[in-house]
Amino acid sequence: MRTRIVIIDYGMGNLRNIQKGFEQVGFEATVTRSKREIDQASAIVLPGVGAFRDCMKNLERYGLIDPLVRSMEKGKPYLGICLGLQILFSESEEFGSSAGLDMIQGKVIRFTPDREHKVPHMGWNTIEIMRRAPAFAGIESGDFFYFVHSYYVVPEEREWISSVTDYGKPFVSSIWKENLFATQFHPEKSQEKGLRILKNFAVSIH
């Protein structure tokens with residue numbers, strides 16, 4: 001059966017940029033909000049830029065929460081980017097408490113700015129790999145990736161942490177839990193190393 005990577009269109013995020021990223025490394029990805037296409041997909045990608053609450057509302061508005069969760073629970077490979085990482089968690093404190101998908105127990109909290117560290121955290125920063133997910137093949141601690149975010153995830157179980165990044169203090173920059181891999185940084189904006197992650201994700205799909 002042909003591998004089908006679907007990028008979920010819920011009205012937010014750099015969907016075309018992600019799609020072009022997969023094309024650059026030789027893989028086709030379809031942008032869709034069709035429940036049927038999501039159910040038939042080999043792998044799911046959920047990117048996002050914006051507010052956690054808006055993201056969850058849009059997923060609910062388009063009826064995408066059930067097929068998304070069903071796909072993850074079936075063990076389909078999932079790549080979350082930025083908000084696609086954060087909504088995996090139980091809740092976010094952004095604009096008051098908002099419930100997430102609760103696939104990973106924990107919270108999404110805001111950076112505390114200081115003189116040296118403005119919010120949002122924006123630009124290039126390095127990662128330190130804690131657990132080498134398959135998507136990190138060929139990626140090393142000290143490699144640079146592109147970030148733009150004001151909130152970060154705090155998992156209750158630290159065993160799911162795949163990498164951390166320092167911004168005044170260490171924060172979780174990626175998680176890996178079974179079939180779920182998600183990054184706070186943007187692979188599609190991170191040049192060669194980011195494209196390597198997209199390729200690794202695509203290659204790992206069976």
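**Close-up views of the predicted model**

**View 1. The cysteine pair Cys55 and Cys82.** Cys82 is buried, with a relative accessible area of 5%. Buried means under 20% relative accessible area, exposed means over 50%, and partly exposed lies in between (1.4 Å probe, protein chains only). Cys55 is buried too, at 0% relative accessibility. The structure holds 0 disulfides. Cys55 is in no disulfide, and its nearest cysteine sulfur, that of Cys82, lies 9.8 Å away. A disulfide here is a pair of cysteine sulfur atoms within 2.5 Å.

This is a predicted model, with residues numbered from 1 along each chain as its sequence is written. Local features need pLDDT of at least 70, side-chain atom pairs count only at pLDDT 80 or more, totals for chains, interfaces and linings use all residues, and side-chain values use heavy atoms, with hydrogens and water left out.

**View 2. Helix H4 and its packing partners.** Helix H4 spans residues 65-73. Helices (H or I, at least four residues) and strands (E, at least two) are DSSP runs, numbered from the N terminus. Which residues of H4 are buried? They are Pro67, Leu68, Val69, Ser71 and Met72. These buried residues pack against two helices, H2 (35-40) and H3 (52-61). They also pack against strands E1 (5-8), E3 (43-46), E4 (78-81) and E14 (180-183). Contact means heavy atoms within 4.5 Å. Gly75 follows H4, with a positive phi near 95 degrees.

**View 3. The cis peptide bond at Pro120.** The bond runs from Val119 to Pro120, with omega near 10 degrees. Pro120 sits in the loop between strand E7 (104-110) and strand E8 (121-126). Most peptide bonds are trans.

**View 4. Positive phi at Phe95.** Most residues other than glycine have a negative phi. Phe95 is not a glycine, yet its phi is positive, about 55 degrees. Where is Phe95? Phe95 lies in the loop between strand E5 (89-92) and strand E6 (98-99). Phe95 is exposed, with a relative accessible area of 60%.

**View 5. Positive phi at Glu178.** Glu178 is not a glycine either, and its phi is positive at about 55 degrees. The residue is in the loop between strand E13 (170-177) and E14. Is Glu178 buried or exposed? Glu178 is exposed, with a relative accessible area of 62%.
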